[in-house]
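Please read it with the sequence and the coordinates at hand.

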Amino acid sequence: MSRFFKTAADTDSSSEESDEELLSSGDDTPAKPAAVQQKTPMSQFLKTAGDSSSSSSSSDSDSDDSDSDDSDDKPAAVQKPRPSTFLVGGGGGRDDDDSSEDERKVVKSAKDKRIEEMQAIGKSIDNALRIGDWVATSNDFDKLARLVERQTNVSEPVPPYWLRALVTVENALTATKEKDPKKKVNASNSRAQNGMKQKVKKATKEHEALLKTYNEDPEKFERDYIQALAPPPVAPREVRPAQPAGAAAAGQAGETDEFTTVGRGGKGVQHTVETLFKDLAQVNENRGKKNTDRVEQVRTLEKLLTVAVTTYQRIRVLLALISARFDYNPAASHMPNDAWLAAQKELDQLVKILIHEPTYSVEEEVNFEYDELLERSPTTEEGGIVRIRGSVISFVDRLDDEFTRSLQNIDPHGTEYIERLRDEKVLYKTICLSQSYFERASRDEALARVLMRRLEHIYYKPDAVVEALEQIPDIDETTRPSLSLQTCEKAQSLVHSICISLYKTSNSLLRTRAMLCHIYSHALHNDFYTARDMMLMSHLQENVHSADVGTQILFNRTVVQLGLCAFRCGLIKESQSTLQDIFATQRVKELLAQGLHQQRYSTLTPEQEKAERIRQMPFHMHINTELAEAVFLVASMLVEIPLLASLDTEEARRKAVSKSFRRLLDHANRQVFNGPPENTRDHIMQASKALQDGEWQRARDLIQSIAIWNLMPESKQVKEMLAKRIQEEGLRTYLFTNAPYYTTLSLELLSRIFSLSLRSVTSIVSKMIWNEELAASLDQAGGVVVFHRVEPNKLQQLALSLSEKVAQLVEQNEKALDVKLGGGSGWTDRGDGKGGDKRGGEATGGGGERRGARTGTRGGVRGRGRGARFAQGLGGQIGGAQAVRT
Amino acid sequence: MAEYDISQKLIPYMDRHLAFPVLAHLSELSLFPEEDVRFAQYELARGTNMVDFTLDLFQQLYPDQDPPPELAQKRDDAVQTNQRLQTEAQVVLDVIEREEVAQALRQDKMQNLNYLKEHYNLTLEHISALYTFGQFQYTYGNYSGAADYLYHFRILSTDADLNLSAHWGKLACDILSGNWDTALEELNSLREAIDSRTNSTTSNPIPTPSSESALAQLQSRTWLLHWSLFVYFNHAQGRTLLLETFLSPAYLNTIQTSCPWILRYLAAAAIVTRKAASAASGRAKHALKEIVRIIQMEEYQYKDPVTQFLRELYVEFDFEAAQKSLAIAERVTENDFFLVDLKQDFLDNARYLISEAYCRIHQKIDIDDLSARLNLSQEEGEKWIVNLIRDMRMGADAKIDLEKNVIHINRPPAPLYQTVIEKTRGLAFRTQALGAAMSRRAAGETIETGEEGKAKGKGRRTGGPPQTSSGPANAPPTAAVVTAEA
């Protein structure tokens with residue numbers, strides 16, 4: 001008995017038995033005894049099974065299945081000499097393949113296993129019946145029923161064991177009833193008994209006809225069944241040439257000793273051309289099952305690949321192999337690198353085959369059925385093209401996704417990250433290869449997707465990096481995609497031409513994303529005006545909140561890059577207003593998907609957090625948020641400080657200023673003691689204060705000493721530009737602050753204080769006068785500014801603020817009505833055309849997504865500008881607008 | 001000066017025939033080598049049926065060569081085709097010109113067609129003969145004749161595409177024969193036709209085909225902008241109308257997206273109509289401000305001395321730079337086909353603008369200095385300033401102090417109540433609009449139908465062809481040209 005327990009324990013560890021455990025998970029208490037009971041017939045059965053179905057198993061053999069008997073090997077080897085010799089003989093062939101393994105394997109087909117199982121269960125039912133344990137009987141019966149069901153699913157005939165069990169149970173039931181209906185049985189037992197009755201009734205009904213034939217002659221039925229299962233016997237198969245002849249001979253010899261009727265080769269580790277498709281089918285069948293050994297599967301497929309001779313075979317094996325590679329342990333954070341690399345190589349191989357053999361085509365939708373087990377070639381197919389079910393594009397997608405995922409999970413500051421990043425080159429090559437395949441096969445849908453992948457690898461990179469990436473090794477004329485750096489010369493024009501071809505697709509998501517990437521690339525190359533125009537004409541800011549999160553992230557990235565670009569070009573105001581929306585949220589990192597948001601009131605469920613994690617940008621794609629923040633704050637300083645100075649009442653000040661900057665400034669003002677500036681913010685805040693006090697030189701020095709400017713490509717020009725801006729804005733601030741205290745001010749003095757030329761001082765002052773920011777005029781003869789400022793009295797002030805409030809009220813009403821009317825195309829003049837629908841969308845989108853809420857407000861703010869104008873002109877079509885622009 | 005010439009940008013958007021005057025103008029200037037211009041003219045003429053003109057040009061180009069034989073061939077063909085088409089068209093014309101027919105014709109086109117078919121056995125094919133003949137006449141330069149035929153055709157035909165094409169053709173004819181009044185009418189109705197096409201597409205619930213039609217519309221508008229230059233710069237009230245049209249959002253967008261060089265004419269028109277602007281209503285009033293904004297926005301893709309002048313003056317307030325730009329702009333206007341006649345106007349008004357801005361900013365102005373800025377002698381300058389003060393109606397505020405030779409400008413700050421009035425001005429109207437929208441909503445009437453009703457109403461009022469929403473919307477104006485040349 002102890003040995004049985006041992007075997008049971010052993011088998012538990014093996015994957016095969018755990019499967020059974022899974023199947024019988026319903027039974028808790030009797031599981032153990034059942035397992036024990038099973039064991040007896042099981043080990044005996046080993047022989048019978050080998051006998052009865054050896055002919056079939058020889059062809060279906062699969063190394064994967066051999067696991068099942070690993071556990072039995074050891075005890076069996078000790079106890080029974082016959083199997084042991086058999087095993088040695090079988091193992092002899094195998095050892096050449098993987099010598100590292102010292103376990104020997106007996107290979108049986110899935111079918112055999114099922115039969116074994118069924119027989120075992122049948123036995124255990126018998127046992128249980130004998131002792132009147134209805135609970136165990138019921139459980140076993142269920143188990144058997146499930147097995148049978150599975151069997152019928154793979155369209156095999158109903159096994160006789162099932163019928164036999166049915167008959168026995170039925171007999172037993174009637175027997176108990178007749179024998180002593182009054183005999184006391186315990187509660188659970190009787191319940192099980194009643195349940196059994198129902199089940200048996202149902203089952204008998206299902207298999208009525210079969211039962212009848214079975215009852216007539218059980219033996220014959222059983223024989224028929226075995227025959228039906230066994231395919232025509234296969235001649236002893238050739239041992240793979242790679243195998244040493246001696247070992248093969250030993251294997252064969254050992255075999256013939258024991259099983260004269262069977263022609264069993266090297267225990268299923270042999271794969272030959274003839275059996276290739278069957279092996280493939282086997283692998284496919286086992287795929288995704290809980291207890292399949294993935295490594296083993298991959299190994300099998302690799303071997304199959306070496307065997308495959310015809311193109312069709314190679315394609316089929318590659319398809320299976322690549323998808324098998326992607327089946328990594330779901331518990332792992334990302335795919336192992338070596339598996340990824342192997343998958344990449346195999347995908348390359350597959351795509352190359354497909355490029356060179358245009359008569360073979362891998363398609364997602366093959367409308368007709370074909371026999372998986374038959375060889376096909378162009379000559380036998382309709383239209384001369386072999387269509388194979390599969391999807392290259394999904395492999396490319398998956399490969400790319402896995403790459404990103406691995407980058408997300410590797411520490412970006414270690415060398416491993418850089419190592420991994422090197423693989424981008426081969427990935428890019430694969431993408432290019434598949435692009436050229438899709439071009440040749442003119443599969444537009446897939447081509448667009450692969451183009452998008454390609455674009456996403458290059459759009460954010462500086463020219464030099466793209467150039468390096470574009471130097472694809474071993475890609476020749478036949479496999480080169482139509483677009484490359486050679487044809488486009490500049491990285492930017494490469495992006496441009498990829499985008500152009502993407503605009504032509506029917507997939508609007510791809511179009512949108514291409515547009516954003518295009519804008520991003522323009523912004524990266526300091527082409528602010530083009531980027532801005534494209535952004536406005538695309539109308540993305542109005543409807544991006546209804547897009548998926550990934551696109552929203554891309555949009556946010558683009559907006560930030562646009563802001564940075566404006567700053568580099570010296571367009572402070574534009575930069576400030578562009579970055580404002582992003583930075584006002586205080587969640588820059590989250591919006592750019594560059595880090596998880598630390599929430600004070602953590603409301604995220606683990607699933608949300610996981611989803612968030614998946615969306616994160618890999619580190620090398622990050623936009624430096626500290627730089628962006630510095631840019632935003634400096635731009636804010638240059639815009640807000642003069643504005644602050646120009647407003648007289650405290651109330652006006654509270655309203656007009658952008659909040660995020662103001663908060664920082666207030667905070668800085670509240671500090672009792674100001675130490676020397678340490679971080680970027682400190683620098684900017686102190687500079688702001690200096691600017692307020694008219695000390696532009698100090699402000700300039702503080703701003704220029706910020707270290708982060710060095711990260712900008714043109715830091716020197718940027719610093720110079722900033723110095724000039726600070727001078728000008730300093731002058732304006734000075735004038736605003738001090739105007740009430742002077743009647744005249746000499747222009748010359750001003751130009752001296754701010755080291756500006758007299759001409760530019762005059763120009764700035766003139767501008768302020770013309771725009772009615774400053775109540776003053778110039779005295780040309782005296783070279784002075786004359787201020788004539790009148791303080792409004794209390795009543796006038798009140799009247800002014802009242803009128804303002806009334807205006808606001810009307811505006812609010814209009815907005816409210818806008819929201820109410822929603823879908824209708826705007827009822828006022830300003831929104832004729834498409835504006836209406838979009839505003840409607842905004843209203844609905846605002847409530848839902850968090851990101852949506854934010855972008856919604858942005859759409860409202862900026863929609864008033866040029867975007868709204870374009871709306872009328874172009875009807876908001878990206879494609880249309882784009883074609884015009886380019 | 002050649003770098004400021006934008007003929008090359010304009011001509012691609014013009015009809016073959018419209019380009020002749022522009023080229024003729026260029027040949028009078030010495031901006032480009034005479035040979036080149038003449039060759040361009042010849043190339044242009046070769047595509048038309050104006051055989052004699054082509055021969056002339058050929059003789060000028062190659063005085064010692066025989067004209068290519070295909071020209072003679074072409075002439076024969078043209079004469080033959082002309083006769084054939086004329087006889088075809090004559091049938092229709094005969095019918096239409098009868099008095100009883102003229103009386104029987106109504107507004108309703110279908111009814112007219114039926115009437116003609118019943119009584120005179122005229123079908124659509126016959127009527128199309130009018131179009132073909134009109135077009136043919138156009139190709140050999142008989143513009144007024146072509147205009148007549150196309151006019152008749154448009155009245156009778158129901159084919160939307162051909163009608164639009166005929167529209168373009170008629171406009172070209174009117175422009176080339178110099179009937180500015182009719183051309184203006186034609187221009188307006190054409191503009192309406194183009195704009196109404198959008199309405200039909202935007203109210204279309206399916207957004208997919210509208211990208212194409214939006215593109216087609218953009219193209220039509222670009223063409224219209226270019227063609228209208230002929231009309232607007234020759235018609236008496238053209239400049240004001242130009243501002244009205246070009247500054248409407250749709251056309252402003254067109255300018256910004258596809259043809260920023262039109263900004264030159266926009267800027268020039270705004271400067272020239274400075275005086276009228278104060279009296280004019282609507283868009284033209286704030287034209288300058290708007291234009292300066294756009295010039296600033298589009299500076300990265302287009303600038304020339306005219307736009308630079310406005311920019312220097314109103315963005316930078318750099319009067320010296322503005323003065324320099326003006327000097328170059330003066331020569332640009334001399335050379336520009338459309339602006340040449342307005343040169344003096346332009347200059348005067350530009351000076352006004354300078355001095356106006358100058359006076360608004362300054363309190364005390366040295367007369368010498370101002371005269372220098374305006375490129376005038378002191379005497380002239382003084383006279384100019386006096387006129388200026390009178391014109392600007394600031395008599396009370398500005399005084400000349402001859403002793404010190406300065407002008408004193410005393411500008412009292414704007415009273416506060418004025419600001420309050422400004423702020424509250426539109427409120428009542430806006431509230432009314434709100435109310436109207438709500439009641440419309442309450443009546444269960446969707447906004448779209450309301451707008452459509454409006455559009456249709458307009459169509460009926462002007463008596464033009466009612467452009468219903470069903471017409472195929474993508475017939476670019478190129479169709480008109482291609483057919484006109486064929």
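This is a predicted model: local features need pLDDT of at least 70, side-chain atom pairs count only at pLDDT 80 or more; totals for chains, interfaces and linings use all residues.

Two strands are taken to pair if DSSP finds at least two bridges between them. By that criterion, β2(B) and strand β3 (residues 406–409) of chain B are joined, with four bridges between them and an antiparallel run.

- Chain A contains 43 helices and five strands, while chain B contains 26 helices and three strands.
- Of the 886 residues in chain A, 39% count as buried; in chain B, which has 486 residues, buried residues make up 39%.
- When contacts between residues at least 6 apart in sequence are considered, 72% of those in chain A join residues at least 24 apart, and for chain B the corresponding share is 61%.

**The sheet with strands from chains A and B**

- Six strands form an open sheet with mixed pairing, in the order β3(A)-β5(A)-β4(A)-β1(B)-β3(B)-β2(B).
- At the edges of this sheet lie β3 (744–746) of chain A and β2 (398–401) of chain B, each of which pairs on one side only.
- From one strand to the next, the twist averages 20 degrees.
- Within the antiparallel pair of β2(B) and β3(B), B:Ala398 stands opposite B:Ile409 of β3(B).

**The parallel pair β1(A) and β2(A)**

- Strands of a sheet pair through backbone hydrogen bonds, in either a parallel or an antiparallel sense.
- Strand β1 (residues 360–363) of chain A and strand β2 (residues 386–389) of chain A pair in the parallel sense, over four bridges, and in this pairing A:Ser361 stands opposite A:Arg387 of β2(A).
- In a regular strand the side chains alternate between the two faces of the sheet.
- For β1(A), the covered face carries A:Tyr360 and A:Val362, whereas A:Ser361 and A:Glu363 belong to the uncovered face.

**Helices α17(A) and α19(A)**

- A pair of packed helices is described by the angle between their axes and by the distance between the axes.
- Helix α17 (residues 392–409) and helix α19 (residues 424–441), both of chain A, pack at an angle of about 165 degrees, and their axes are 11 Å apart.
- Because angles over 145 degrees count as roughly antiparallel, α17(A) and α19(A) are described as roughly antiparallel to each other, and their crossing is left-handed.
- On the side of α17(A) the contact is made by A:Val392, A:Val396, A:Leu399, A:Asp400 and A:Phe403, and on the side of α19(A) by A:Leu427, A:Thr430, A:Ile431, A:Ser434 and A:Tyr437.
- Sorted by class, the contact of α17(A) with α19(A) has seven nonpolar, two polar and one charged residues.

**Helices α36(A) and α38(A)**

- Helix α36 (residues 715–738) and helix α38 (residues 758–770) of chain A pack at an angle of about 50 degrees, with 11 Å between their axes.
- The orientation of α36(A) and α38(A) is therefore oblique, and they cross in a right-handed manner.
- From α36(A), A:Glu728, A:Leu731, A:Arg732 and A:Leu735 meet A:Val761, A:Ile764 and A:Met768 of α38(A).
- This contact of α36(A) with α38(A) has five nonpolar, no polar and two charged residues.

- Helix α25 (residues 528–538) of chain A is mostly covered, with nine of its 11 residues buried; among them are A:Phe528, A:Arg532, A:Asp533 and A:Ser538.
- Most residues other than glycine have a negative phi.
- A:Asn526, which is found in the loop between α24 (508–524) and α25 of chain A, has a positive phi near 60 degrees although this residue is not a glycine.
- A:Asn526 counts as partly exposed because 14 C-beta neighbours lie inside 10 Å.
- Just after α25(A), A:His539 likewise takes a positive phi, of about 60 degrees, and this residue, too, is not a glycine.
- A:His539 is found in the loop between α25 and α26 (540–543) of chain A, and A:His539 counts as buried because 24 C-beta neighbours lie inside 10 Å.

How values were computed:
Residues are numbered from 1 along each chain as its sequence is written. Chains are lettered from A and ligands numbered from 1 in the order in which they are written. A residue is buried if 20 or more other C-beta atoms lie within 10 Å of its own, exposed if 12 or fewer, and partly exposed in between; C-beta atoms are placed from the backbone. Helices (H or I, at least four residues) and strands (E, at least two) are DSSP runs, numbered from the N terminus. Axes are lines fitted to C-alpha atoms, for helices over the stretch in contact, and angles run from 0 to 180 degrees between N-to-C directions. Angles under 35 degrees count as roughly parallel, over 145 as roughly antiparallel, 65 to 115 as roughly perpendicular and the rest as oblique. A crossing is left-handed if the near helix is turned anticlockwise from the far one by less than a right angle, and right-handed if clockwise. Two residues are in contact if their C-beta atoms, placed from the backbone, lie within 7 Å. Ala, Val, Leu, Ile, Met, Phe, Trp, Tyr, Cys and Pro count as nonpolar, Asp, Glu, Lys and Arg as charged, and the others, Gly among them, as polar.
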